[in-house]
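Dear colleague,

I am passing on the structure below, followed by notes on what was found in it. Please read the notes with the model open beside them.

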Amino acid sequence: MRLSHYLFFTSKQVPAEAELISHQLMLRAGLIKQVASGLYSFLPLGYRILDKVVSIVREEMDKAGAQQLLLPFVQPADLWKKSGRWDEYGEELLRFQDRKGSWFVLSPTHEELITDLAAEILTSYKKLPVTVYQIQIKFRDEIRPRGGVIRAREFLMKDAYSFCEDEEQMKDIYERMRSAYERVFSRCGLDCKVVEAESGPIGGDISHEFIALSPAGEDKVVECNSCGYSAKLERATSIPSQQVDKEDEKQLEEIETPGVKSIESLSSFLALPMRKLLKTIIYQTEKGYVGVVLRGDYDINEEKLKKLLKAKEIHLASEEEVREELGMEVGFVGPVEANNKLLFVVDETVMQGKNFVAGANKKDTHFVNVNPGRDFSPYLVGDIRFVSEGDKCPLCGSLLQVKRGLEVGHLFNLGYRYSSKLGASFLDKMGNKRPILMGCYGIGVSRIPAAIVEQNHDDEGIIWPMEVAPFKAVIIPTSNETFNFSQQLYLKLRDVSEEILWDDRDISAGVKFKDSDLIGIPLKIIVGNTFLKEGKIEIKKRKDGQLIKVSKEKIVGKLMELMQYG
RNA sequence: CGGGAUGUAGCGCAGUCUGGUUUAGCGCGCCUCGUUCGGGACGAGGAGGUCGGGGGUUCAAAUCCCCCCAUCCCGACCA
């Protein structure tokens, strides 16, 4: 491809709207262009990258035995009503009417459609198991799109669905998908972690996420360097940093704390570390009000709380509710002498401590030397906190680290949630009607290029791994004297690979070098002074700057080798 | 949804507070000519703007007021 007529542009200036390095570089290299909030065009260079990721995904899915199909982007509402998600999905689901007034949605995901399809076709155990996938546009009306293509509203996703007879088949396919994912991400040049995850609104119990580690990531991951334990922060457990207080239980005492409402201010007011304070938070649940008690240095994990309580809906009680219905004072809430008013759920770390400070349920008053068991009794004790830096690994006891990352892939065992609601069942060997066991496996395809850039860049720009680079090499003539030869070389190389660009633009060599490095082309084929003096063509690697000189007779072979093995 | 900010040429910005010689500027980019030509060259000339949209105030509005739209950032209840 000759660059002089290629639809691309580069920019020295950092676009004002871009915060993340990947977003900035993708805009500066002219890979993407924003159309509206969360909507992006992929320009030819960017599209070639995306297309390579798509090919990798397709190859690995096919190898794993999945069959590609294509489901519509626009779906009728009634399927969503059947599955219950018309009401559950919320405002992220974009709904609209056609000219006849029928309701439709722009697909945020395709479980409904695929289950409906499976219900019709997969009626016998003889067909199972089956795995299908598609690479399709999705639309989620995100509250706040951010980071360019990292969190866009319209995005490209690979979603696969498996249909199994039983858990044994399910496990087999789940594992096959998992190793396919490992190959996909490693071919993309991504450094990924597999972590235990929450399945969120999609449903299901077993779930793993593939996280590309990056400080720009939106997700937090807990990991142990010595035994390899890793999990999403929401799900991670730990051995608390301070195990058991050895001190004696002291006399309960009331103290005045005028206007001291937050843990931070209480900590500095009393000159005590946050872990010696108790925070008590009141939730409204379908079982009534629940007081949640945690050490001051931990944050509450609502998902864990929900599970422990076996509650469907929980939300924080408002200040008015706390004051008017419970007669407690916000800022000074505590578990002591309050068991008659509400139940207390207590984090396990609290039970190991002694002589805490807690709210006295009176304005401007706290108790000191509060001891769990003696001064209040919990209704439930469990792990309801987020792991924090400095906690110890639940498996081996080493220090845990909290890191950021980007979710690029997700595996779910969906169970029977969709098959039972949408009537997808099959007849087993015995002639019994049973619901199909489903799995669902996503890859955020259009987010991958951004994740790669996050992990592969330097001050000059992007450094594409060979397999996803938009072009593998660019021929750069540095002067008029070498232009003609560069053209001959281009014509010759064009016959063996369409992965080579020819920078035939009438501009100075410096600009060509800079552009090539910004865009991230792995190899520069430089035809310049060295060619005029020594008859040698230079090949310079983007990654490490290594310079290789070759004669024009050997250039094709050497290039083929480098393009294949990097 | 709450808070903060921004909207002026393809991109990055100044001008707005204090309305009037501003024909609305500057840098990058773009076009022409010449000199350059191995890491974002230089000179000369040139094209490009309904100042986000609508309404209002005024002799006069990019500038003041009202409404709308768009975009970005932070937060979404940790008492």
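**Salt bridges**

The side chains of arginine 505 and aspartate 503 meet in a salt bridge, with 2.9 Å from N to O, where a salt bridge is a side-chain nitrogen of Lys or Arg within 4 Å of a carboxyl oxygen of Asp or Glu. Both partners are buried, arginine 505 with a relative accessible area of 17% and aspartate 503 with one of 1%; buried means under 20% relative accessible area, exposed over 50%, and partly exposed in between, with a 1.4 Å probe and protein chains only.

Before going further, please note that this is a predicted model, in which local features need pLDDT of at least 70 and side-chain atom pairs count only at pLDDT 80 or more, while totals for chains, interfaces and linings use all residues. Residues are numbered from 1 along each chain as its sequence is written, chains are lettered from A and ligands numbered from 1 in the order in which they are written, and side-chain values use heavy atoms, with hydrogens and water left out.

The structure holds 40 salt bridges. One of them joins aspartate 141 to arginine 153 at 3.0 Å, N to O; these two residues are twelve residues apart, and each is in the loop between strand 7 and strand 8. Aspartate 141 counts as partly exposed at 24% relative accessibility, whereas arginine 153 counts as buried at 19%. Helices (H or I, at least four residues) and strands (E, at least two) are DSSP runs, numbered from the N terminus.

Another salt bridge is formed by arginine 542 and aspartate 458, whose closest N and O atoms are 2.8 Å apart. This pair links distant parts of the chain, 84 residues apart, with arginine 542 in the loop between strand 30 (536–541) and strand 31 (547–551) and aspartate 458 in strand 25 (residues 457–458). Arginine 542 is buried, with a relative accessible area of 7%, while aspartate 458 is partly exposed at 30%. There is also a network of salt bridges that links Glu59, Glu60, Lys63, Arg183, Arg187 and Glu467.

**Strand 24 and its partners**

Strand 24 (residues 437–443) is largely enclosed by the rest of the structure, because seven of its seven residues are buried. Leu437, Gly439, Tyr441 and Ile443 are buried on one side, and Met438, Cys440 and Gly442 are buried on the other, so that both faces are covered. Strand 8 (residues 154–164) runs antiparallel to strand 24 and is joined to it by seven bridges, and tyrosine 161 stands opposite cysteine 440. Strand 21 (residues 400–415) also pairs with strand 24 in the antiparallel sense, over six bridges, with glycine 415 opposite methionine 438; two strands pair if DSSP finds at least two bridges between them.

**Cysteines**

A search of the whole structure finds zero disulfides, a disulfide being a pair of cysteine sulfur atoms within 2.5 Å. For cysteine 164, the nearest cysteine sulfur is that of cysteine 440, 13 Å away, and for cysteine 396 it is that of cysteine 224, 3.5 Å away.

**Backbone**

The peptide bond from leucine 128 to proline 129 is cis, with omega near 0 degrees, and proline 129 is placed in the loop between helix 5 (111–121) and strand 7 (130–139). Asparagine 369, which is not a glycine, has a positive phi of about 60 degrees; asparagine 369 is found in strand 19 and is buried, at 13%.

With best regards
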